[in-house]
Amino acid sequence: MKNLIKFLLFLIYSSLVFFFPNNEVIFVFIFINFMAIVINFRNFNRIISGTFKFLPFVFFTFIFNFLFDTFFNALWIGIKLIIVCNITIFYSCTTSVVGVADTIKLLCSPLKFFNVNTDDIKIMVCIALSMIPVLKNDLYEVKNACIAKNMKFNISNMKFILSKFLLTLLKRVNSIEESLITK
């Protein structure tokens, strides 16, 4: 139940950031983000580094909005995106994969009336969220293999890169499927 409340607060907070007008109310959200980071100080480096990873996306969005709108509206959109990205990273730092899967299972519980097994949904969400770091490591290994073979990691070599990456991905999915069938 705690994870459900945290998830709903996260959704409400993220939505409210974009529904409030472009004025000084946004500074309340900035203060809330700052307090959340201070409270969860043990993940401070992870939250800050994650925020910096989103900055190119925020900068691109700012430039795009600046070209088609005013400077101040583009600036407000950039600030709102930073707030939402920051709280998303905070939520992912404070919630485990199983906690997110349990929350989604609880939210999908009305589907039981239509004979949908919510335990299967929980397992699928858990596997999907657990596979993200594994796929990231596989892509990093393929990149290092390309560098070792003196190949550039770019669009022209994408056929080789994707074939190796998809091959390892299919092997992992096959092993997960075999283990689930065994259980």
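Helix 6 passes helix 7 in a right-handed crossing. The model is a predicted one. Two packed helices are described by the angle between their axes and the distance between the axes. For helix 6 and helix 7, which spans residues 158–182, the angle is about 145°. Their axes lie 10 Å apart.

Look next at the side chains involved. Helix 6 brings I123, I127, M131, V134, L135, D138, L139, V142 and C146 to the contact. Helix 7 answers with F160, I161, K164, F165, T168, L169, R172, I176 and L180. By class, 14 of the contact residues are nonpolar, one is polar and three are charged.

The largest pocket holds about 660 Å³ of space. It is lined by 19 residues, and R46, I89, S92, C93 and I132 are the closest to its centre. The lining of the largest pocket has 10 nonpolar, six polar and three charged residues.

The second largest pocket has a volume of about 170 Å³. Its lining consists of K6, L9, F10, Y13, I32, A36, I87, F90, Y91 and T94. Helix 1 (2–19), helix 2 (26–39) and helix 4 each give two or more residues to it. Eight residues of this lining are nonpolar, one is polar and one is charged.

Technical notes
Residues are numbered from 1 along each chain as its sequence is written. This is a predicted model: local features need pLDDT of at least 70, side-chain atom pairs count only at pLDDT 80 or more; totals for chains, interfaces and linings use all residues. Side-chain values use heavy atoms; hydrogens and water are left out. On a 1 Å grid over the protein atoms alone, a cavity is a set of points where a 1.4 Å probe fits but cannot get out, and a pocket is an open set with protein on both sides within 12 Å along at least five of seven lines; lining residues have an atom within 4 Å of a point. Grid points are joined across faces, edges and corners, and a volume is the space filled by probe spheres set on the points. Ala, Val, Leu, Ile, Met, Phe, Trp, Tyr, Cys and Pro count as nonpolar, Asp, Glu, Lys and Arg as charged, and the others, Gly among them, as polar. Helices (H or I, at least four residues) and strands (E, at least two) are DSSP runs, numbered from the N terminus. Axes are lines fitted to C-alpha atoms, for helices over the stretch in contact, and angles run from 0 to 180 degrees between N-to-C directions. A crossing is left-handed if the near helix is turned anticlockwise from the far one by less than a right angle, and right-handed if clockwise. Contact means heavy atoms within 4.5 Å.
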